[in-house]
Amino acid sequence: MTTTVLGVPDQINLDYAATAPCARAAADAVAELLPWYGSVHRGAGALSQRSTLAYEVARQAVGDFLGARAGDHVIFTRNTTDALNLLARALPAGTPVVTYGAEHHANLLPWPVGAVRLPVPDSPGAAIRALDAALRQLDAPALVAVTGASNVTGERWPVAELAAVAHRHGARIAVDAAQLAPHAPIDIADLDLDYVAVSGHKLYAPFGAGVLAGRGDWLDAAPPYLTGGGATRHVGAATHDVRWATGPARHEAGTPNLLGAVALAAVCTTLDPTAVQATERALVARLRAGLAEIPGVAELRMFDPGAERVGIVSFVVAGRDSAEVAAELARDHGIGVRDGLFCAHPLTRRLIAEAAARTGRRDLPPTALRASVGLGTTESDVEALLSALCR
Ligand code: PLP
């Protein structure tokens, strides 16, 4: 089935990496459920029963999409940031964390002070070697937290190989798949990952749900992420007399975001990530080739130009302020892109400095522009951006 998205005529949206448009399947699923909308896990009435069923069916669908194994938990959160914060809270005491300086802030800041931050690698192979060396130094099993695809450059990380290295050292791996899942297949079991985090609003399901999926043992042993109704098995009169639930309920206290879960599940059951990947490859190749021909435009990248990537390209225009360029693209051409440091300040600053060194230009701006594509993006959208930039 082809997934289509909602949009506004005359607006060229090239900002999917920030928030993707709403899939029609998500909108339809929400519209269908709305008359039946009721409390989840809390009522005997037909509306509540149907809503509870829809929520649990959604959990199953999202788990299937992510390749969750039997025994993995699929926990609904608000977004990827929330999912990674939940995992950070569930870390067994004394577990070292290893990450890279190339991460989005969501995968940089939740980890305990003292987490090892490996330098930004210049190739996927260098990332693997650096992880191997770092894990060799540690005397306790670690958690490795790494992105699946960079939100700045779109470059993909070798997550299967990193997982193999992690496991060889007795470590676990969590993949921030916020930018990978909307653009390419991700399968926890096939890639042998321990945890995956995604955001619904980047996956065409803009109703405020995210997911942490992965191994249940740490999550069942951790204190509840939120405490309150729904997370308990028994609450007695004394303050200490509480027995917490295990499974997803332990971390989902309070009334859950039913519509967010159902919207995300609708996308998960209709999206074909392999087909998406093929279409986006062609769009990104044209975008990058076009940008390379515009004098003064420099692409940001960590790896070789041929490295595998998803539908995200960041660049700078020499001598031009990125915020001004983005505003002009919006005002004069109806094109939406993102400008700034993309919540990955250390990485983006570094890549701008590297682009300056590579091009010999001393007039690169301190922030960058980012164009990102997805379902519904056409070749003519890409051409429109290129010709607007040329002008
Ligand atoms: N990780 C990556 C790679 C991202 O690109 C983003 C958002 O841009 C996040 C995490 C955080 O996502 P959210 O804002 O939905 O929590």
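A polar contact here is a pair of N or O atoms within 3.5 Å; inside the protein, one atom must be able to donate a hydrogen and the other to accept it, and residues adjacent in sequence count only if both atoms are side-chain atoms. The model is a predicted one, so local features need pLDDT of at least 70 and side-chain atom pairs count only at pLDDT 80 or more, while totals for chains, interfaces and linings use all residues. Numbering starts from 1 along each chain as its sequence is written, and side-chain values use heavy atoms, with hydrogens and water left out.

A polar side-chain atom of Asn-79 sits 3.3 Å from a ligand oxygen, and one of Gln-179 sits 2.7 Å from a ligand oxygen. On its own the ligand exposes 390 Å², and the protein buries 89% of that (Shrake-Rupley method, 1.4 Å probe). Residues around the ligand (a heavy atom within 4 Å) also include His-104, Asp-176, Ser-199 and Lys-202.

Now for the strands (DSSP runs of E, at least two residues, numbered from the N terminus). Strand S8, residues 210-215, has five of its six residues buried, so the rest of the structure largely encloses it; buried means under 20% relative accessible area (1.4 Å probe, protein chains only). S8 runs antiparallel to S2 (residues 72-77), joined by six bridges, and antiparallel to S7 (residues 195-199), joined by five. Gly-210 of S8 is the bridge partner of Thr-77 and also of Ser-199, and Ser-199 turns up again around the ligand.

Definitions and conventions: Buried < 20%, exposed > 50% of the residue type's maximum accessible area, 1.4 Å probe, protein only. Helix = DSSP H or I, 4+ residues; strand = E, 2+ residues; numbered from the N terminus. Pairing = 2+ DSSP bridges.
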